[in-house]
Amino acid sequence: MLEKAQVNYALRAVHLAKGEHKTTEYLFVNPKGKVPALLTDTGVITETPAILLFLHGQFQHAGILSSQISTVEAVSDLSWFASTIHPLITRYCKPELLGVSHDIAAVKANAEKQLLAAYRSIEERLSTQPFWYGNSWDALDIYLFWTVNRLKRAGFSFAYADTVIQHYQRLLSDPVIKRALNKERAL
Ligand SMILES: N[C@@H](CCC(=O)N[C@@H](CS)C(=O)NCC(=O)O)C(=O)O
């Protein structure tokens, strides 16, 4: 979204597999030991919905959130992604990060079941419009894109979610997203 807003920003990689999110240095940034965190002129912002609402407030004409919707609707949708879908991604992709010592396969299988149900409802939403809120993409589309990108890499099957994959591919060919992904890869 910073790329969409065309502002100067710097990225810092935090390697979860190496436990970098639990180091003293990172816990100083986010004591909750989670990514993402955004360092701004007025302090650190954590929690994805808060970061996105902050960016929307700062860069009002950048299309961070659709101008067609109320803040309440945006918070509701962002919260659903952050509190329902996002935690399932970790359970599916990196169940070992949860500190579960037994039956990691069951944690993953349960996450898969719940993710499939969530993507079915997303399929319905996207069957009548190309993007989350209509004809142009915003932060909700990118949150969805990020989940799909992460799950695809972890081998999740989207065989029954053609519309979600079409949405993903539509975004993948967008020049703003290409630039953002290239910057991430360069890390
Ligand atoms: N509620 C947080 C969740 C962030 C989150 O779960 N991030 C994952 C990576 S995608 C993480 O930091 N996992 C490390 C851990 O839970 O130990 C948000 O909305 O930003």
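Trainee: What makes the largest nonpolar core a core, and which of its 48 residues touch the most other members?

Mentor: A nonpolar core is a set of buried Ala, Val, Leu, Ile, Met, Phe, Trp, Tyr and Cys residues joined through side-chain atoms within 4.5 Å. Here, Leu 115, Tyr 119, Ile 122, Leu 151 and Phe 158 touch the most other members. Keep in mind that this is a predicted model, where local features need pLDDT of at least 70, side-chain atom pairs count only at pLDDT 80 or more, and totals for chains, interfaces and linings use all residues. Residues are numbered from 1 along each chain as its sequence is written, and side-chain values use heavy atoms, leaving out hydrogens and water.

Trainee: Why is Glu 3 called buried?

Mentor: Buried means under 20% relative accessible area, exposed over 50%, and partly exposed in between (1.4 Å probe, protein chains only). Glu 3 has 8%, so it counts as buried.

Trainee: How do you know that Glu 3 and Arg 179 form a salt bridge?

Mentor: A salt bridge needs a side-chain nitrogen of Lys or Arg within 4 Å of a carboxyl oxygen of Asp or Glu. The closest N and O atoms of Glu 3 and Arg 179 are 2.8 Å apart, so the pair passes. Glu 3 also meets Lys 183 this way, at 2.9 Å, and Glu 3, Arg 179 and Lys 183 are linked in a network.
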